[in-house]
Amino acid sequence: MGRAERPRTKLVPVPATNFIPERDVDKSPILEARHLGIDFGGLTAVNEFDMAIGRTEIAGLIGPNGAGKTTVFNLLTKVYQPTRGTILLDGVDTAGKTTVQVNKMGIARTFQNIRLFNNLSVEDNVKIGLHNHIKYGMWQGIFRLPGYWKEEKIAHDRAMELLSIFDMQDLASHQAGSLPYGAQRRLEIVRALATNPSLLLLDEPAAGMNPSETAELMDNIVKIRDTFQIAVLLIEHDMSLVMGICEGICVLNFGQIIAKGTPDEIRNNPEVIKAYLGTKGEE
Amino acid sequence: MKKNMGRLGRLKKTTKVDFATYLGVTAAFIVVSMLRDQGVLTRSLTGMLVPICCYIVMAVSLNLTVGILGELSLGHAGFMSVGAFTGVITAMSLQSAIPFAPVRLAVAMIVGALFAGVAGLIVGVPVLRLRGDYLAIVTLAFGEIIKELINCLLVGYDAKGLHIAFNISGSLTIDDLNMAEGGIAIIKGAQGATGTTTIASFGAGFVLIMLSLVIILNLVRSRSGRAIMALRDNRIAAESVGINITKYKLMAFITSAALAGAAGALYGLNYSNLAASKFDFNTSILVLVYVVLGGLGNIWGSIIAAAVLYILPEALREFSDYRMLVYAIVLILVMLATNNPTIKGLFARLREKLTRGRKAEAKGGGR
Amino acid sequence: MEFLSYLISGISLGSVYAIIALGYTMVYGIAKMLNFAHGDVIMVGGYISFCAVSYLGLPGWLSVLLAMAVCTVLGVVIEGLAYRPLRQATSLAVLITAIGVSYFLQNAALLIWGASPKGYTPVVSGQLPLFGGRLTISYVTLLTVGACIVIMIALTLFTGKTKMGKAMRACSENKAAAQLMGINVNRTISLTFAIGSALAAVAGVLLCSFSTSLMPTTGSMPGIKAFTAAVFGGIGSIPGAFLGGILLGIIESLAKAYISTQLANAILFAVLIVVLLVKPSGLLGKYVPEKV
């Protein structure tokens, strides 16, 4: 497998301030955030966050530490309820929805500090991701009625199929908590995919990986997008990954968007350079 | 090839453990029944058979809440109490309707389980919103509330049906129920259930244990059980993959309460006199000790711990007055031995040495 | 007037709960464990004071000091032998160990002093008549309320102003960080247990002065109620433990007087549950959200 080709997608405006890839332009964006903001106590953590993501776009959210990137993820997945603004998922307002409901509507995520079900097997982790797609109830499970056997078989096959994306079938019976770091990150992605999302949020998927692992991850993220035809929004500090596979990038600093655009535009944006490197006057 | 082996090996492992648990319990039942019939068991040991069964079910069901769901409950005896007294009321009122005792016992246990399950729902809805030690103290509080409420209960039965009074002021007696001639008093306030016809049997205890095992082990290996364990391991991640927290917490909590209720009904019908004060927080804690020493989430561990620790004070009889002191010291030492990192590390190194030795042996043998 | 006397007896009972709860809340705040043996330390304190007065003929005030000294040592020993080896263990393991310690203390007391209740002579006797004798307040009540307020203020000053107190607060926030700042964590925890156990001894003496009888299980229920009080007020908070204890005492006393003696504890626990549902971290506790 070669390195993912850096995409040269042309961006087009959606309603007025947001951009999604040209190929997705005839369809509405999968996600649109408008004037999104949250305050903790008196502190404004995120403010006026506007973003649109195309249905098959790989988008990036970058910014210095403490810029509010993970907070944006928590807002999108309703871990926090936003103080201001709206989130439209496939055109549907998610106001008042819970994390569980938002997941059922199509947002799945991974976590910056890995959150696996450590005492369970790799396969069970994926099956928990499949939870809402397995159709049998508590009593069928307790008395092992035919529905149990049929659905468990389907779930097992599906779990193995999903694990094969990262070539992890062999690890199925291992305890999730005992996996090496990189495999844990990959398992989190598989578990998120198992919920059959239309938008996948990845929080620093390459953290702690070496360059060759990162390169493989980049290929796999593109492969996931191509196979499942879903949108991906990722937070990442590894610029080779962000610049390599993201089509639209959004830069956050002190909870505010300071730049939006293609990798090339972002790379040359003076505001971004200033945010990352600081200016002489500040030092 | 290797992949298939791994999967087979794993499937085998969980089913093997489950199978061994069922088999072990059945074997123990047969052996103990035979010993009893041969007259080998002492009288006090024979008298302990039914309560042991009850406490095994209590431990196994509490393990569902504490080990599998991961929430500390200190009020499990409260559910046992609800099951015991509703079970006794049911059995006593059905004496003429169902003359065949085993069926009456079964009905009483089902009613006990239902009422305890409802109590589990009432307690669970508010309580499961809390976390950690707060949840623990509130379950303890609920257990005490249930105990005091039952202490105020007067129940009698006559030809017209059940008569129930709630003795808040403490001044009512069983005569205030205004029962017709030939009516029987079933529960007399703080005195508890008196004059109960004891219909509990060791066989019923065995059936109840097996039923609890089927319910809990199969639940754990099913979709719902995975969701429950997901909540325990990581609540936030479980929410993020669309698992309804309240639903599965309640499922585990109510199942646990209902099984405790069935165990309570069996327990209540094993004694002609039984007061609600028997089911105080000390009983809840006793069961928790069984669960923790047997191993969190380890079902057969709970069975063994409950059986051994229930008999232990009896076995320590030769220490007479010192036996509970010895029990306390054993408990502390076991906790220290199994949880202190230094001691645990010592055991781990020892085991590693042993397995390495065995591996080397196997290699040498292969060549 | 009747109401007033119930209120006063509630406040004095509440003051005892508050003293126990203050010890409980400090130990919980720093060791993050449900110390089920705390109630039994109260019982030991009661027995020591009882023995000092009945067998050694010491005056009441000296017996209190003796009880405090013995309980302080006892608390430190329990912490060192049973809890310190489990510093890295799960909270459930520590809880079970605490239960073991509780069994141990109760059964040791049973062996030493027997199961039959001992009659306890209050450390101070006599009553203060008010409103021309229509209302009387016993000196024990005055002493209890006074002791409780003094202890609360002293603890607040100690944790807020002194170096050891600050070390305590640091340990309760983050033990690893406190250690890196050069704080001796083990010694700080020992000190906390020492203070908590000394308070338990005081509470034991006062409790027995009210109920005038003493059994190996005497401390068990007050211990649990005091813990309830600490949770009620917001565990880890010193004013919270004080407030929780007093309120609990008043609720118990009024419930006994006006609703039902039999259901007093049920009412008390029901109030706790309602408070926790409305304010999950207690009246004065602070809510710490889980970080994602």
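Analyst: The C-alpha centres of domain 1 and domain 2 of chain A lie 27 Å apart. This is a predicted model, where local features need pLDDT of at least 70 and side-chain atom pairs count only at pLDDT 80 or more, while totals for chains, interfaces and linings use all residues. Residues are numbered from 1 along each chain as its sequence is written, and chains are lettered from A and ligands numbered from 1 in the order in which they are written.

User: Where are the bounds of domain 1 and domain 2 in chain A?

Analyst: Domain 1 of chain A covers 1-106 + 197-283, and domain 2 covers 115-196. These bounds come from an automatic or database domain assignment.

User: How many residues of domain 1 of chain A are in contact with domain 2 of chain A?

Analyst: In chain A, 12 residues of domain 1 are in contact with 11 residues of domain 2. Contact means that the C-beta atoms of two residues, placed from the backbone, lie within 7 Å.

User: Which element gives the largest share of that side of domain 1 of chain A?

Analyst: α7(A), with 4 residues. Helices (H or I, at least four residues) and strands (E, at least two) are DSSP runs, numbered from the N terminus.

User: Other topic: how many residues does the contact take from chain B and from chain C?

Analyst: The contact takes 35 residues from chain B and 35 residues from chain C.

User: And which elements of chain B each supply at least two residues there?

Analyst: On the side of chain B that touches chain C, those are α5 (132-151), α10 (281-294) and α12 (323-339). The largest share, 11 residues, comes from α5(B).
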